[in-house]
Amino acid sequence: MRALLVSLALLIPHTLVACSGSSSNADPGSGGSGGQTPLPDGGNQQNCNPAATAFNSQISPIIEQKCGECHGTQTDFGAPFSLLNHANLVAGNPGQRIVDRMVTAVQEFRMPPPGNPQLTSTELETLLDWASCGTAEADPTRGLRASRPVWESPPEPSAGLRRIELTAKEYVVARDLGEKYENFYFENLVQQDQFIRRFDAVIDESRVVHHITAHYTSDDAYLYAWAPGTGAVEFPDGGLRLRPGDRFRIEIHYNNGARLENVRDSSGIVFYVADPAGTEYGMADPTTFNIVVPPQSEHTVTKDCVASRDYTILAGMPHMHQIGKSFSHEILRQDGSKEEIISLDGWSFELQYFYDLRKTVKAGDTLRLRCTYYNPTSQTVRGGTNTTNEMCYNFMYVTPADARAECPGLF
């Protein structure tokens, strides 16, 4: 699911910073490295020894300002190390050091995550020149490009909405927990039908929380997903139905990569509810797991789905994992015409947002989901739920609500 981003000029004003870490297992919406994308191996830096003097005088202020939210002296959002210690940056074998891997992440415009405060051209040149001893350059035209704007909600809930918190209550995050997905269950939240008009996240221990998802337990359908960078979703009218007796599963992806001690977390998701009025929505999750990407190669997968009924797409959150390159979703009309729902180029795993899509689908139309990957490793990458696997999803709010069953996300 960070958790899951995209550079999305596209920045919801009240977003948080997406971070990078080191890694093991994950799931939909999750990232590597405790859900966070690991920095890639660096290039050949055999003769480069970035100087401590320049680091202290020029580099550390840049890192503290642009990367310190996660990788500062006090790490946050599951980041397993600080980038403000020169000795740690240059420790290890050239080409595998943190400083070398940082060069690649900056060159690929994955760090700082697009959509967050970026390096100026001078800062970018200064950082790369120092870290690579003058051998690395960045292409300023790179970075994620999205064809649709990020879905923007009011910074504060609209008047008259009632708040219902579904949170972990002082969950103990053990020092040796590493990466784990913990489920918390809630039921009988209301006495009569309500609409969930707005979703937002409660982030308590940001140092160890990577992403959070909400599901109905009756059919495990998604309602909402949060990852660093994701803002609230408030519907322009209506919402998702909440019934007496409904049971919900809140899944929190924890990542204690920094091995912090004495951590207790009460994070979760807030439902803002009101009496049913307006449009009722549901969340569809068209996907394909038929993904096989050979080593050192680029591969594209597609999934077609023929609509069985008319429905409207309001917003959606595209999702892939670490080797995603580009994403598109389009409508092939029965008259032979095509309409784009959304396309993303220069995929950034760290930033996965909801976009304003607003498209009407007609019965008989074909929705074509397409994901392109580039696998730079020596191992074949296949579709699946772990960080080392890949995914191709578009989590979409649709109406009528039962249209959420269109194009089901099945393995």
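In which segment does P400 lie? Select P400: this residue lies in the segment after β22 (393–399). The peptide bond that leads from T399 to P400 is cis, with omega near 0°.

**Before going further**

This is a predicted model, in which local features need pLDDT of at least 70 and side-chain atom pairs count only at pLDDT 80 or more, while totals for chains, interfaces and linings use all residues. Residues are numbered from 1 along each chain as its sequence is written, and side-chain values use heavy atoms, with hydrogens and water left out.

**The whole protein**

Display the protein as a cartoon. The protein has 4 helices and 22 strands; helices (H or I, at least four residues) and strands (E, at least two) are DSSP runs, numbered from the N terminus. Of the 411 residues in the protein, 59% are buried. Here buried means under 20% relative accessible area, exposed means over 50%, and partly exposed lies in between (1.4 Å probe, protein chains only). Now show the surface: the protein exposes about 16,500 Å², and carbon and sulfur atoms supply 45% of this area. Accessible areas come from the Shrake-Rupley method with a 1.4 Å probe, and for residues only the protein chains shown count as cover.

**Helix α1**

Select residues 52–71, which form helix α1. A straight helix of 20 residues would span 28 Å at 1.5 Å a residue, but α1 spans only 18 Å between its end C-alpha atoms; the expected span is 1.5 Å times one less than the number of residues. Where does α1 bend? Select Q65, where the helix bends by about 60°. This bend is the angle between axes fitted to the seven residues ending there and the seven starting there. The buried residues of α1 include A54, F55, I59, I62 and I63.

**Helix α3**

Move to residues 98–107, helix α3. Because 9 of its 10 residues are buried, α3 is largely enclosed by the rest of the structure. Among the buried residues are I98, D100, R101, M102 and V106. Just after α3, select F109, which takes a positive phi of about 60°.

**The nonpolar cores**

A nonpolar core is a set of buried Ala, Val, Leu, Ile, Met, Phe, Trp, Tyr and Cys residues joined through side-chain atoms within 4.5 Å. Select F199, L223, L240, Y254, F271 and Y397: of the 48 residues in the largest nonpolar core, these touch the most other members. Strand β7 (residues 222–226) gives the most to this core, with 5 residues. A second, separate core of 32 residues includes I291, Y355, V381 and A403.

Return to F271 and show the residues around it. Not counting residues up to four places away in sequence, F271 touches R162, R163, I164, L166, L189, I196, R198, F199, L223 and F248. Contact means heavy atoms within 4.5 Å.

**V233 and its surroundings**

Next, select V233 in strand β8 (residues 233–234). V233 counts as buried because its relative accessibility is 3%. Leaving aside neighbours within four places in sequence, its contacts include W151, S153, R197, F354 and Y397. V233 and W151 are 82 residues apart along the chain, and their C-alpha atoms are separated by 7.6 Å.

**Residues in loops**

Is H321 buried or exposed? At 0% relative accessibility, H321 counts as buried; its place is in the loop between β16 (311–319) and β17 (324–332). Show the side chains of H321 and H319, which are joined by a polar contact of 3.4 Å. A polar contact is a pair of N or O atoms within 3.5 Å; within protein, one must be able to donate a hydrogen and the other to accept it, and residues adjacent in sequence count only if both atoms are side-chain atoms. A polar atom of the H321 side chain also lies 3.0 Å from the backbone oxygen of N389.

Select F289 in the loop between β13 (282–284) and β14 (292–293). F289 and M391 are 102 residues apart in sequence and 6.1 Å apart in space, C-alpha to C-alpha.

Finally, select N188 in the loop between β4 (179–187) and β5 (194–202). N188 has a positive phi of about 50° although it is not a glycine, and at 51% relative accessibility N188 counts as exposed.
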